Amino acid sequence: MTGRSEAITAVPVGRTLVRIGPTRLVVRHRPLLVGGVLVVLLAAAVVLALSLGTPYVAPQDVLASLTGAGTRYDLVVLELRLPRVVLAVAVGAVFGIAGTLIQSVARNPLASPDVVGVSQGAGLAATVALTTGASAVLIAPAALAGGLLAAVAVLLLGLRHGLAAQRFVLAGVAVAVALRALTEVVMLSADPIDGIRAQLWLVGTLAGKGWRETAYLGVTLLVLLPVLLWAGWALNGSALDDDTARGVGLRPVARRVGLATTGVLAAAMVTAQVGAVDFVALAAPQMARRLVRAERPPLFCAALVGALLVVLADLAGRRLFAPTQLPAGVLTAALGGPYLIYLLLRGRRKVS
């Protein structure tokens, strides 16, 4: 009894010791609280996105339609708006997960799929497909292949020194710049109409998309679920240097390769469906980390923040300049610049 009391009192403030058979887990209160608040905010954003538009649907009618009570707005809510909003949630969640994994490997808050070449590889392949008259059904597979090939190139360049954080980021930036230049060359040499179509794809949009893309991302998450469960555990040791990690029995290079591969695979798959919705994967992990006050970005909270960002960006793109609709990627990119400036200024203050 005394040993049990000492074990309980040894748990720091803000944490709870949970026993599952012989296993003991220390659960932090703040991530649970932040996660709960984010779920509530995301639910409110979804209802708001389903309400606003022409026609306007009152929130109580939205809830009635969602619960099957039946209203005269069922067609608007369930058929016209819900597929796009659910897709926005899925896109943001996957980007948040991908950004968390890549930033944890790079140990750099500026690392993300749109910085390390994955988005650019998908963009180049999609641009080639769009400007050469390829069938519409081939655009997403081409973009997926391009993103994965770019990821392979980055991983191979970074693996030379055990996928060291700095080398991984530099390799990604080099590949991204080269692929972006090639994309510009393809667009300039293409028919103007095809070039405009490619440009619209590159900025990332949810318009005209819905259940099919959502189902694809849902299957992706189900397939990656066992890996993501492992990644959530593996992230605990991502902040350790190689010598310390090996000293406690970890395999740092294998762990970094696994995390990076999972991150770039998730990023390539979501980019193939909706285009390059920039800066969500960059901002969501760091926002979640600051909310939770943790040393590393939390995977689940980053997914919720990413989903919230994309839902709000898509809603703003639909309504701010109505009847003109802006792609969600335009709004997220517009927020990305000030966010980068904030990170730079914050880093400068820390150095000072």
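In the predicted model, Glu213 is classed as buried, its relative accessibility being 6%. The side chain of Glu213 forms a salt bridge with that of Arg212, with an N to O distance of 3.0 Å. Arg212, by contrast, is exposed, with a relative accessible area of 63%.

The structure contains 4 salt bridges. Side chains of opposite charge can pair when their charged atoms come close. Asp194 pairs with Arg197, and the closest N and O atoms of the two are separated by 3.4 Å. Both residues belong to helix H8 (residues 192–203), where a spacing of 3 residues places Asp194 and Arg197 about one helical turn apart. Asp194 is buried at a relative accessible area of 18%, whereas Arg197 is partly exposed at 41%.

A further salt bridge links Asp314 to Arg318, with 4.0 Å between the closest N and O atoms. These two residues lie 4 residues apart in helix H13 (residues 299–319), which is about one turn of the helix. Asp314 is buried, with 3% relative accessibility, and Arg318 is also buried, with a relative accessible area of 12%. Through salt bridges with shared partners, Arg84, Asp314 and Arg318 form one network.

The protein chain comprises 14 helices and 2 strands. Of its 352 residues, 47% are buried. Among contacts between residues at least 6 apart in sequence, 70% connect residues at least 24 apart. The accessible surface of the chain is about 17300 Å², and carbon and sulfur atoms account for 68% of this area.

In soluble globular proteins, nonpolar side chains tend to be buried together. The largest nonpolar core in this model consists of 86 residues, and Val91, Phe168 and Trp201 have the most contacts inside it. Helix H4 makes the greatest contribution to this core, with 17 residues.

Helix H4 (residues 74–106) also contains Gln103. Gln103 is buried, with a relative accessibility of 3%. The side chain of Gln103 is directed to two backbone oxygens: that of Leu282 lies 2.9 Å from a polar side-chain atom, and that of Ala281 is reached at 3.5 Å. When neighbours within four places in sequence are left aside, the residues in contact with Gln103 are Asn108, Pro109, Ala111, Ala281, Leu282, Pro285, Gln286 and Pro297. Ala281, Leu282, Pro285 and Gln286, which are among these contacts, fall within the residue range of helix H12 (280–292).

Helix H2 (residues 29–51) includes Leu38, which is buried at 7% relative accessibility. Leu38 and Leu308 are 270 residues apart along the chain, yet their C-alpha atoms are separated by 8.0 Å. Residues touched by Leu38, apart from those up to four places away in sequence, are Leu291, Cys301, Leu304 and Val305. Leu41 also lies in helix H2, but Leu41 is partly exposed, with a relative accessibility of 43%. Together with Leu33 and Val37, Leu41 makes a nonpolar surface patch of about 280 Å².

Several backbone features were found in loops. Thr54 and Pro55 are joined by a cis peptide bond with omega of about 5°. Pro55 is located in the loop between H2 and helix H3 (59–66). Phe279, a residue other than glycine, has a positive phi near 75°. Phe279 is placed in the loop that connects helix H11 (252–274) and helix H12 (280–292). Arg293 is likewise not a glycine and has a positive phi of about 60°. The loop between H12 and H13 holds Arg293, and this residue is exposed at 61% relative accessibility.

Methods
Residues numbered from 1 in each chain as written. Predicted model: local features only at pLDDT ≥ 70, side-chain atom pairs only at ≥ 80, totals over all residues. Heavy atoms only, no water. Buried < 20%, exposed > 50% of the residue type's maximum accessible area, 1.4 Å probe, protein only. Contact = heavy atoms within 4.5 Å. Areas by Shrake-Rupley, 256 points an atom, 1.4 Å probe, with all protein chains shown as cover. Polar contact = N/O pair within 3.5 Å; in protein donor to acceptor, adjacent residues only side chain to side chain. Core = buried A, V, L, I, M, F, W, Y, C linked by side-chain atoms within 4.5 Å. Patch = residues over 30% accessible without salt bridge, like charges linked within 9 Å, V, L, I, M, F, W, Y side chains within 5 Å.
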